[in-house]
Structure formats: C-alpha cells, structure tokens
Amino acid sequence: MKLEDTIRTIPDFPKPGILFRDVTTLFKDPKAFHQLIAEMADGLKDKHVDVVVGPEARGFIMGSALAFALGAGFVPARKPGKLPCETVSYEYALEYGTDRLEIHTDAIKPGQKAVVVDDLLATGGTALAAIKLIEQMGGEVVAVRFAVELRSELDGIKALEGYDVSASIVY
C-alpha cells in the first residue's frame, strides 16, 4: 500500500496558498496505520529504544503506537500548563512567533535512548524542542521519525541536522 494515497490534501487551509496534508485519514485506515507504525518500528529495532517522545497532539497518537510496537515507554511533550507535576520546558520559534514544550522532570532518565515521533516535519521547530528537552535531561536521541515531511522553503530537515531523521512520506 502506498501510504501517501491515504493522506487527504486540503487546499487553502488554514490560509490561502497552503496545501494542508491531513494525516487523520491515514490514522483511521487500519491497514495504513498499522503499516506506518510497523515500518517505523522495523527501522528502529536495532536502536534499543527506552522511550518514545511524542509532541502534542498527533505525536501522542503515533508515539503511543510506536512505543507499544517497540516495547518502550511513552513520554508526552505538552504545551505549557498541561502537565500536573514539575516540568522542564523549551521555547522554540514558529513562523508567526514562539511556542513552548514541556515534559515532566522525571520523564527521561540520564542515558535513556529516545526516539522523537510526530506526524509532520515542516520547520522542524517542534521536533527540535523535543530533542532539546531529552538532551537537557541527559537522554540520548537515537532517531527522529515523521509520517510526512514537507520539502519546501521551510526546510525543516536542516533544523534537525546531525540526527537520524526520516519520514515515511515526502511531499
């Protein structure tokens, strides 16, 4: 199955000139979703992953499934004020300002091997924030995985230079 055939493209969303790649149509297709997670897990089995970190919100969906497939733990990276205990945070740039990700202070132990997984690579800012949080806590980022990479002037892959990065679908 070609995974890109399960992605819905919505023109002019959220603003004119944007082609929005909607991964929810891939997630609702059981064969496609299973294939995506199985392919990611197969490519990571030699990395000895301890935890999968998934940024809010679609990273939760993929990250939980991937953690299960790898026999690893799952750590949510959330927007500010969403986690109930003490957190560490990292602020990152967006096209239109800044945002922040947080994880619990006890989420990553020094030396743990982590994978960051999210639905879409555009600017790379969200994934880089998750990477910085993991490293700040003494974890080792062994891979960064995406369902979709948008190759454009945003050039998000450059922000993640030096890391093992791949996407299942490239536009």
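Predicted model: local features only at pLDDT ≥ 70, side-chain atom pairs only at ≥ 80, totals over all residues.

Reader: OK, at what angle do H2 and H3 pack, and how far apart are their axes?

Author: Helix H2, which covers residues 30-44, packs against H3 at an angle of about 55 degrees, and the two axes are 9 Å apart. That angle makes H2 oblique to H3.

Reader: Why give both an angle and a distance?

Author: Because two packed helices are described by the angle between their axes together with the distance between those axes.

Reader: And which residues of H2 and H3 meet?

Author: On the H2 side they are Phe33, Leu36, Ile37, Met40, Ala41 and Leu44, and these meet Ile61, Met62, Ala65, Leu66, Ala69 and Leu70 of H3.

Reader: Let me pick Phe33, then; what does Phe33 touch, leaving out residues up to four places away in sequence?

Author: With those left out, Phe33, which is part of helix H2, touches Leu26 and Phe27 as well as Ile61 and Ala65. Phe33 also lies 11 Å from Met1, C-alpha to C-alpha, although 32 residues separate the two in sequence.

Reader: Switching to the strands, in what order do they sit in the open sheet?

Author: The open sheet has five strands in the order E4-E3-E7-E8-E9, and their pairing is parallel. Strand E4 (73-77) and strand E9 (165-170) are at the edges with a single partner strand each, so one side of each has no neighbour in the sheet. From one strand to the next, the twist averages 20 degrees.

Reader: How many bridges join E3 to E4?

Author: Strand E3, residues 51-55, is joined to E4 by five bridges, and the two run parallel. Within this pair, Val52 stands opposite Phe74 of E4.

Reader: Which strands does H3 lie across?

Author: Helix H3, made of residues 58-70, lies across E3, E4, strand E7 (113-121) and strand E8 (140-149), and its direction is at about 140 degrees to that of E7. Helix H4, residues 125-136, lies across E3, E7 and E8, running at about 165 degrees to E8.

Reader: What about Asp12, where is it found?

Author: Asp12 is found in the loop between E1 and E2, and its phi is near 60 degrees, a positive value in a residue other than glycine. As background, most residues other than glycine have a negative phi, and most peptide bonds are trans.

Reader: Stepping back, how many helices and strands does the protein have?

Author: The secondary structure comes to five helices and nine strands, and from the N terminus on the elements run β-β-α-α-β-α-β-β-β-β-α-β-α-β.

Reader: And what does the C-alpha trace span?

Author: Along its principal axes, the C-alpha trace of the protein spans about 40 × 35 × 30 Å. The radius of gyration is 15 Å, which agrees with the value near 16 Å that a compact globule with 171 residues would have.

Note on methods:
Residues numbered from 1 in each chain as written. Heavy atoms only, no water. Pairing = 2+ DSSP bridges. Helix = DSSP H or I, 4+ residues; strand = E, 2+ residues; numbered from the N terminus. Axes fitted to C-alpha atoms, helices over the stretch in contact; angles between N-to-C directions. Contact = heavy atoms within 4.5 Å. Parallel < 35°, antiparallel > 145°, perpendicular 65-115°, else oblique. Rg over C-alpha atoms; globule rule 2.2 N^0.38 Å.
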